[in-house]
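Walk through this model with the structure open beside you.

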Amino acid sequence: MKPLAFYSTNGLAPRVNLRQALLQGQAPDRGLYLPEKFPRLTVAEIADKSYSEIAFEVLRRYATGIVDDATLRAICADAYDFEVPLEKVYDRVHVMRLDRGPTASFKDFAARMMARLIGKFVREAGQTLTILTATSGDTGSAVASAFHGVAGIRVLVLFPVDEVSDRQRKQMTTLRDNIRTIAITGKFDDCQALVKRAFADPALAALPLSSANSINIGRLLPQSVYYFHAAAQLGEPLVIAVPSGNFGDMMGAVFAREMGLPVRRLIVPVNGNNEFPEFLATGRYEKIEPSRNCLSNAMNVGHPSNLARLVAIYGGQMDETGKIHRAPDMARMCRELFSTSVSDEQTRTTIQQAWHDHKLLLEPHGAVAWRGFQDFLATESLGDSPAVILETAHPAKFPNEIERLLGFSPEVPAALAALDKLPEDFDRLPVDYEQFRRYLLTRYTT
Ligand SMILES: *Cc1c(COP(=O)(O)O)cnc(C)c1O
């Protein structure tokens, strides 16, 4: 069968297959890749399957003609060797804990699949590839851990020096080998802007660069798997709540729905960076620059990099600067999505209430999702729909906050505990593109 084609949301780049889309990250016209046609998958086809088998069923529909079934099945089994628990809170309401991977955030799901696929493509081509990525905390550690030791790949992670927790930083800076990290004296948006400029810079054309940020389609496809997993266990049509920053995770749910997963409503709670709920409410889109610093730090995004994809799926067009060239179907967006902004104060009281009312332990990102779900319930009754609220990080990644709010420290998973003893190694740069380019040229050419 012919491989599936991917097009760019800016409409000015040639169509590519999955291999090319993964290796390029961003399309040459600075748009984002989307599948020309979504493959179909029914919940009946995955009933009783294990998580890694469901991953295989989802991904094989995108990888036809690119990765053979036996290889893909083995990659899925190797990448997804941890639990994906659905914790019942009450009635048909469940929290899905996506924090059991090696770096204890949901970003492990995509990073582990991408590292294995990109590693395979690079080996086949006899290339060396530099993965350049900006992180607000969890992407960098998940990507660094997933690519650590993969032959033919070098990883460079930029992180905002004051916006990541000690544990998040140590997850990146203690790996060494093919992993390098730079502390940028700026915000996450500054890191992302540096990375974006490097990709567009002709002076760096000789360096094969790829992005592992949520703009890479390889980050999205694995993130639709767990919604199928939830439906296989809980039934459908699902009400889904996804705490959102760059909208990669929620796009996984949109992809799953496009593939045929019955979704009653997709709830998209954000923190104080409320550009999206404002957009739904007013139809006018305004980025937040600079992004607001909130407790749920992995969601401090003033312009979600995947928004152009969402707009495209709803029939519109948005360019990489956030300018809308064709309006999406706002009425349908408002019917199918529900978005709400959750303040830091609400996040804190939600952590306390969820613990008090349900013995449900949440960290700030999951608390934003839980609160968004409560806001939804204030507008509409759940009836007998199953609901799944995503907890995207392990509470032990935020020990001080939890201790202060609940009076105890969450148990630390072994992988995180081991970090405290390892020595760190990272470089520092200011927000200055010329210096960053020089850094790349001196380290990665010759
Ligand atoms: C990255 C991240 C998010 C936000 O996911 P997006 O795909 O950027 O919307 C939420 N929670 C945690 C813990 C994260 O690391």
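The structure holds 16 aromatic pairs. Such a pair joins rings of Phe, Tyr or Trp (its six-membered ring) with centres within 6.5 Å; planes under 30 degrees apart are stacked, over 60 edge-to-face, and the rest tilted. Phe338 and Phe376 form an edge-to-face pair, 5.5 Å centre to centre, with 75 degrees between the planes. Phe338 belongs to strand β13 (residues 337-341) and Phe376 to helix α15 (residues 364-377), so the pair ties together parts that are 38 residues apart in sequence. Helices (H or I, at least four residues) and strands (E, at least two) are DSSP runs, numbered from the N terminus.

This is a predicted model: local features need pLDDT of at least 70, side-chain atom pairs count only at pLDDT 80 or more, and totals for chains, interfaces and linings use all residues. Residues are numbered from 1 along each chain as its sequence is written, and side-chain values use heavy atoms, with hydrogens and water left out.

Turn to the backbone. The peptide bond from Glu236 to Pro237 is cis, with omega near 0 degrees. Pro237 lies in the loop between α9 (225-234) and β9 (238-241). Another cis bond joins Glu289 and Pro290, with omega about -10 degrees. Pro290 is in the loop between α11 (275-282) and α12 (307-313). Asp48, a residue other than glycine, has a positive phi, near 70 degrees. Its loop runs between β2 (33-35) and α2 (51-63).

A polar side-chain atom of Thr392 is 2.7 Å from a ligand nitrogen atom. Taken alone the ligand exposes 380 Å², and the protein buries 98% of that (Shrake-Rupley method, 1.4 Å probe).

Definitions and conventions: A polar contact is a pair of N or O atoms within 3.5 Å; within protein, one must be able to donate a hydrogen and the other to accept it, and residues adjacent in sequence count only if both atoms are side-chain atoms.
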